[in-house]
Amino acid sequence: APQAFELLIKLGGNINSHNTGEESEADVKSTADFYTRLDETMVDVIRRRIEQGNAGEESPEWQIGRDVKRLEKTGAFLRSEMGLQNYFPRSLEVLSVLVVGHFLETMSICPLDAPIPNTSLLYIDVLNAPHQGDLGNWYLRPDAGGAIIPWVYTIIIFVLHTPTVIIRVVKWEIVQTWCLLSTTLTVAVYIQAYVSTKFAADKILTWTPILLLIDAGSMLQLFMLVVEAGDLVPRVRQRVRSAWQSAREQILPHGSWKKEREVEEPLLIDSRPLWKDRTFRVAALALVFLLVVVSLQVLGLQATVKLARANNTPLVPWCSPLLQPFGVALIDGDCHKYGAKRHEHRVGVGCVLIPGKHQRAWIMLTLVVSSMALVVETVDLVILMLVNSKSKWNGVKMKRPWCTMFGGLVVLGIILGFGIMYAQDLPPGISARVTVVMDLGNKTFVYTGGVTPAGLRGAMIGWNDGLFSSWGELYYGNGD
């Protein structure tokens, strides 16, 4: 049977090699009829291979998935280049069922008495149910909060951030406003993400706080350099001392404080009110934003520590039109069985819960990177406090948060690389070929189909939905 299988594939290929593209309508019809008979013969060969597999006569084991890909690839080429529509269609259906079911006993990893979620069926019932056809390939995308920031957003951040870092090193004064505005946006996005996701484990990709390192370094540099450039420390110290002396005068009308004030009070460095000074306002805003950013980092790290201690792999919803309108269960080629349900907010898609191995890895990554970020920020703070603007080391200005600047670029690179990979791959725990169980009242139907990565669009939907899910109808609308 294996040899017959290969000979039929070669026979189909040899016939195609003789096509010139100038065949008459009768020739085309004759070729199509021949391929139909060839397909029927192939189905019979597949059945014989099943029997040999059950008897343990085939060695090595039949790599069904490989043969499915071979036929699909050749069929796609013939459809696009030669218009041939019937290249082993029924054989592919049968093979797809094998890929999904693995019911050859020598290859099977799915017990026949395994229950099917959301139904009263067993796996043997699915195998015995009439196969209604192939539904084709449909995208499978992460649901709300199941995606990291889309790679196109990351590229925009990278393009804007990289020249800003260079300018901060060379001429930091001209990017003060830009740094404050970008940090304002970052803080708003993270507060919204925290509110919407509630630090849920399955939504870690949306709320992971590791990107905050960039803004922490930006605000730290802005605050320290503005304070130094505006000579704010002695000015603030003088204002505090003056306020303290005025308060003491009100409380203690008599005593030695008058003589002490006359002797110790220095001349005013700048008599203008601090709040009217732009440098003071910029420094105050930078300090406030720095404290807010660090607080968001600490909150995210605290939530991550709890999730890491729980040591659980979260269940992450993934959605596809393949599961609508009546899909109740999905079985993949590795015998993973998932219950399906209709999406809460979006019509036309159903969702399954898949163990989030990526999310589990990102919980640990967030724990490590967030902890290192706080350490790095502390190191930069100490350095900035110990040096002045003229301090250099091997010709390099030391009054810069070098650790956070380089660390931010590394974090951006990690997020960009993972974002591209995440958009192009299916999640661990599901194969490309699946069986869909549909429930139509008192009847159960079984279909095969394929799932493909949802690409950039799927990542954008998953991340945006996770970010704005707390807006409810304002974001999703009130349609059903």
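So, pLDDT is the predictor's confidence in each residue, on a scale from 0 to 100. I start there because what we have is a predicted model, where local features need pLDDT of at least 70 and side-chain atom pairs count only at pLDDT 80 or more, while totals for chains, interfaces and linings use all residues. Housekeeping: residues are numbered from 1 along each chain as its sequence is written, and side-chain values use heavy atoms, with hydrogens and water left out.

Okay, the overall picture. The protein chain has a mean pLDDT of 81, and 80% of its residues reach 70 or more. Watch out for residues 100-108, though: pLDDT is below 50 there, yet this stretch has 33 contacts in the model beyond near neighbours in sequence. Contact, by the way, means heavy atoms within 4.5 Å.

In secondary structure we get 16 helices and nine strands. Those are DSSP runs numbered from the N terminus, helices being H or I with at least four residues and strands E with at least two. Of the 480 residues, 43% are buried; buried is under 20% relative accessible area, exposed is over 50%, and partly exposed is in between, with a 1.4 Å probe and protein chains only. And if you take contacts between residues at least 6 apart in sequence, 79% of them join residues at least 24 apart.

Now the helix pair I'd like you to look at: α9, residues 212-229, and α13, residues 357-386. How do they pack? Their axes are 11 Å apart, at an angle of about 15°. Axes here are lines fitted to C-alpha atoms, for helices over the stretch in contact, and angles run from 0 to 180 degrees between N-to-C directions. So α9 and α13 are roughly parallel. The cut-offs are under 35 degrees for roughly parallel, over 145 for roughly antiparallel, 65 to 115 for roughly perpendicular, and oblique for the rest.

Who touches whom? From α9 it's Leu213, Ala216, Leu220, Gln221 and Met224, meeting Ala373, Glu377, Asp380, Leu381, Leu384 and Met385 of α13. By class, that contact has eight nonpolar, one polar and two charged residues. For the classes, Ala, Val, Leu, Ile, Met, Phe, Trp, Tyr, Cys and Pro are nonpolar, Asp, Glu, Lys and Arg are charged, and the others, Gly among them, are polar.

Next, glutamine 297, which sits in helix α12 (residues 278-310). Is glutamine 297 buried or exposed? Its relative accessibility is 4%, so it counts as buried. Beyond four places in sequence, glutamine 297 touches Leu212, Leu213, Ala216, Ala373, Leu374 and Glu377. Its C-alpha is 8.3 Å from that of leucine 213, which is 84 residues away along the chain.

Back on α9 there's serine 218, buried because its relative accessibility is 6%. Leaving out neighbours within four places, serine 218 contacts Arg168, Cys179 and Thr183. Over on α13, valine 375 counts as exposed because it comes out at 52%.

Last one: helix α6 (residues 151-170) and helix α15 (residues 455-468), whose axes come within 9 Å and cross at roughly 80°. That makes α6 and α15 roughly perpendicular. Trp151, Val152 and Tyr153 of α6 make the contact with Leu456, Met460, Trp463 and Asn464 of α15. By class, that's six nonpolar, one polar and no charged residues.
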